[in-house]
Amino acid sequence: MRWDFASVFENTDALLVGAAGTLRIFAICLVLGLSLGLLVGLGRYSRNRWVHIPATVFVEFFRNTPVLVQILWFYFALPILLPFQISPLAAASLGISLNSAAFSAEIYRGGIQSIETGQWDGARALGMRWGQAMRRIILPQALKRMLPALTNRAIEIFKMSTLASAVAYVELLQQGKLIASLNYNPIEAYTAVAVIFFVFLWPLVQFSYFLERRLRRDE
Amino acid sequence: MAYQWDFSPVLANAPLLAQGLANTLKITGTALVCGVVLGLALALLRLSPRRFLSWPAGFVIEVFRTTPPLVQLFWFFFALPILVGIEMTPFVAGAITFSIQSAAFFAEVFRAGIQSIERGQWDGARAIGMRHDQAMRRIILPQAVKRMIPAFMERAIELMKTTTLIATISYADLLFAANEVSQKTFRPLETYTVVALIYFVVIFLASQVARLVELRLARSGESTVH
Amino acid sequence: MTILHVTGLTKRFGTTDVLRGIDLDVKRGERIAILGASGSGKSTLLRCLNFMERPGGGTITLDGQVLGREGKAGERLYRESELIQVRQRVGMVFQQFNLFPHMTAIGNVMEGLRTVRGLPKPEAEARARKELARVGLAEKAETYPAHLSGGQKQRVAIARALAMDPEMLLFDEPTSALDPELVGEVLNVILALAKEGRTMLLVTHELGFAYHVATRVIFLADGAIHEQGTPDEVLKNPKKDRTRAFLASHKQFSF
């Protein structure tokens with residue numbers, strides 16, 4: 001059988017556009033997901049009922065619903081309630097970010113809880129406020145422990161970017177579909193897309209293994 | 001003017017949704033069973049001292065963990081039939097994709113579990129004359145399996161969420177049914193909300209069952225490993 | 001001149017009354033050793049004085065200023081912002097040091113000055129170096145806690161507390177977690193601070209040190225002051241039975 005990778009190479013422009021789209025949604029969801037996750041994680045850590053319960057509901061709901069369902073909800077259902085349209089990028093970003101926030105919230109909470117109370121004592125005894133203690137003493141130590149898990153989250157977010165193709169957002173898989181339908185070469189097209197993802201992600205995956213090993217050695 | 005919610009058209013299509021849910025459970029169950037079996041095989045191959053066995057296994061595991069499941073699904077549905085010249089249905093494509101994809105993750109759970117059994121157990125088994133596979137089957141695996149259950153259940157719940165991808169290749173699962181019903185009733189808000197809630201309830205219940213099992217294991221003194 | 005005035009201090013954890021009404025007056029320059037069996041409430045008392053634990057009842061007056069305000073049911077209400085101010089004026093040294101592992105020794109010492117007092121880095125660093133020199137660790141300024149011995153860590157912790165210029169120092173069993181040969185270097189630092197005339201409260205099991213350094217000794221039992229007086233009175237001629245029993249158990253294997 002004839003492998004026709006030539007037509008794929010002719011379409012590098014399309015793939016580059018796709019890659020740009022993938023990186024864009026990855027960056028948006030990484031920043032939104034991980035920062036919202038920190039807020040929710042702090043909420044989960046709090047003992048104040050008014051903060052803890054909504055945070056828990058958020059985490060349980062967005063961890064236990066599939067991301068694709070959320071994306072489609074934001075794309076098809078939400079516009080009914082709002083006076084404006086929601087773009088594919090917005091819908092996909094919302095779905096992926098909220099899901100990532102819910103997962104990373106638990107990573108943050110676990111990391112913060114793992115810092116021994118003596119560190120809080122030391123900080124408070126100097127007269128630090130809660131926010132200062134968190135920012136200067138607790139989080140810097142917790143972050144080092146959370147890095148492997150957060151890196152895994154980032155890898156998951158990168159892979160989830162392909163779900164945006166379900167609402168026709170222009171990213172790598174969507175471009176792959178386009179190339180395959182124009183050139184009747186799904187094998188080459190989808191293999192190329194898979195290879196591109198592998199090349200992007202493999203260094204990141206190896207880096208997360210390295211972080212995990214380093215953490216186990218240091219603890 | 002506030003939006004008037006009306007769930008009745010959605011409820012009228014309950015049979016369609018129910019069928020969708022049934023199909024979701026069907027693909028999830030199939031992928032779960034195949035994934036576990038394949039995952040165990042991959043893990044054992046990966047642990048083999050013979051490189052011609054462990055390297056291909058490692059390759060499969062890395063590829064399927066480092067590429068997005070949706071890309072894998074499209075490849076198996078669109079590309080594989082042409083390559084191998086077989087008939088492909090959405091269900092088969094989904095079953096193959098999710099089986100191998102979950103197997104790659106299960107393999108790592110199995111490997112960690114097996115490696116967590118201390119050397120002494122191997123020594124004890126070999127000292128009474130057991131072969132490698134006998135030791136594995138009678139001594140190591142039974143202990144490893146108990147430790148792996150929490151991570152295993154976590155992966156199974158992930159699988160439940162991943163199988164929604166099959167709606168994109170027009171398999172009539174719950175999400176696909178949601179799309180159909182939403183277009184039929186012109187009520188996307190109610191339809192997708194109901195479907196999201198159904199997914200939430202099913203998966204949440206599964207998580208709770210998993211948590212209960214974990215608690216009972218912890219109480220009976222079994223250690224757990226991730 | 002009284003710096004600390006405590007009346008009727010109580011504290012309850014769950015269903016246990018750990019402190020059952022403590023009355024205490026501390027004058028400037030006094031050095032008070034607090035002794036007692038474990039569970040007698042020594043640590044809790046100390047931790048209430050800088051509000052690391054919130055008192056259940058009673059009043060605490062620092063330098064003439066009554067802390068907290070009266071609530072509706074007669075209980076005492078404290079605002080965190082007020083307590084934070086108190087903690088800047090009262091320094092604490094912990095049994096487990098509680099140094100910040102991700103900062104160097106000098107980083108630890110100047111952390112309070114930078115973050116809490118808001119001093120600019122050069123100024124904070126200069127002050128920190130002085131305090132580290134005072135505890136004899138000037139050359140370890142750039143070292144991380146992981147590479148310091150227990151005695152060195154505790155001395156850095158003392159420097160960290162001193163950097164905040166506290167009016168009063170609280171020591172919560174500062175040498176209990178140290179290997180015996182490292183205890184001396186820490187006690188010597190505390191002795192030097194005593195000679196400077198600093199006000200301090202010291203929970204300790206080092207009875208000999210307490211005898212030499214303290215101006216007053218308090219023996220705590222069941223959450224209340226069982227006996228107090230000068231070191232000679234309490235340690236050499238205790239009046240109460242429990243005090244005697246406690247001291248006897250400590251002298252059991254002394255040679």
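Which residue in β12(C) is the bridge partner of C:Leu220? C:Ile225 is that partner. The model shown is predicted: local features need pLDDT of at least 70, side-chain atom pairs count only at pLDDT 80 or more, and totals for chains, interfaces and linings use all residues. Residues are numbered from 1 along each chain as its sequence is written, while chains are lettered from A and ligands numbered from 1 in the order in which they are written.

View 1. Helices (H or I, at least four residues) and strands (E, at least two) are DSSP runs, numbered from the N terminus. Two strands pair if DSSP finds at least two bridges between them. β11(C) and β12 (residues 224-229) run antiparallel, over five bridges. With β3 (residues 31-36), β11 (residues 216-221) of chain C pairs in the parallel sense, over five bridges. C:Ile34 has C:Ile218 of β11(C) as its bridge partner.

**View 2. C:Asn98 and C:Glu173 have positive phi in two loops of chain C.** Most residues other than glycine have a negative phi. C:Asn98 has phi near 55°. Its loop runs between β8 (90-93) and α3 (105-116) of chain C. C:Glu173 has phi of about 50°. The loop of C:Glu173 lies between β9 (168-172) and α6 (180-195) of chain C. A residue is buried if 20 or more other C-beta atoms lie within 10 Å of its own, exposed if 12 or fewer, and partly exposed in between; C-beta atoms are placed from the backbone. C:Asn98 counts as buried because 25 C-beta neighbours lie inside 10 Å. C:Glu173 is buried too, with 20 other C-beta atoms within 10 Å.

**View 3. The largest nonpolar core holds 182 residues.** Such a core is a set of buried Ala, Val, Leu, Ile, Met, Phe, Trp, Tyr and Cys residues joined through C-beta atoms within 7 Å. A:Ile71, A:Leu163, A:Tyr190, B:Val195, C:Ile34 and C:Leu202 touch the most other members. Two residues are in contact if their C-beta atoms, placed from the backbone, lie within 7 Å. Leaving aside neighbours within four places in sequence, A:Ile71 contacts A:Ala91, A:Ala92, A:Gly95, A:Leu163, A:Ala166 and A:Val167.

**View 4. Chain C meets chain A through 18 residues of its own and 15 residues of chain A.** On the chain C side, α2 (80-89) and α3 are the elements that give two or more residues. α3(C) gives the most, with four residues. The chain C side divides into nine nonpolar, seven polar and two charged residues. Here Ala, Val, Leu, Ile, Met, Phe, Trp, Tyr, Cys and Pro count as nonpolar, Asp, Glu, Lys and Arg as charged, and the others, Gly among them, as polar. No contact joins chains B and C; their closest C-alpha atoms lie 26 Å apart. Of the two pairs of chains in contact, A and B share the most contacts.

**View 5. Chain C has nine helices and twelve strands.** Its C-alpha trace spans about 55 × 50 × 35 Å along the principal axes. Of its 255 residues, 44% count as buried.
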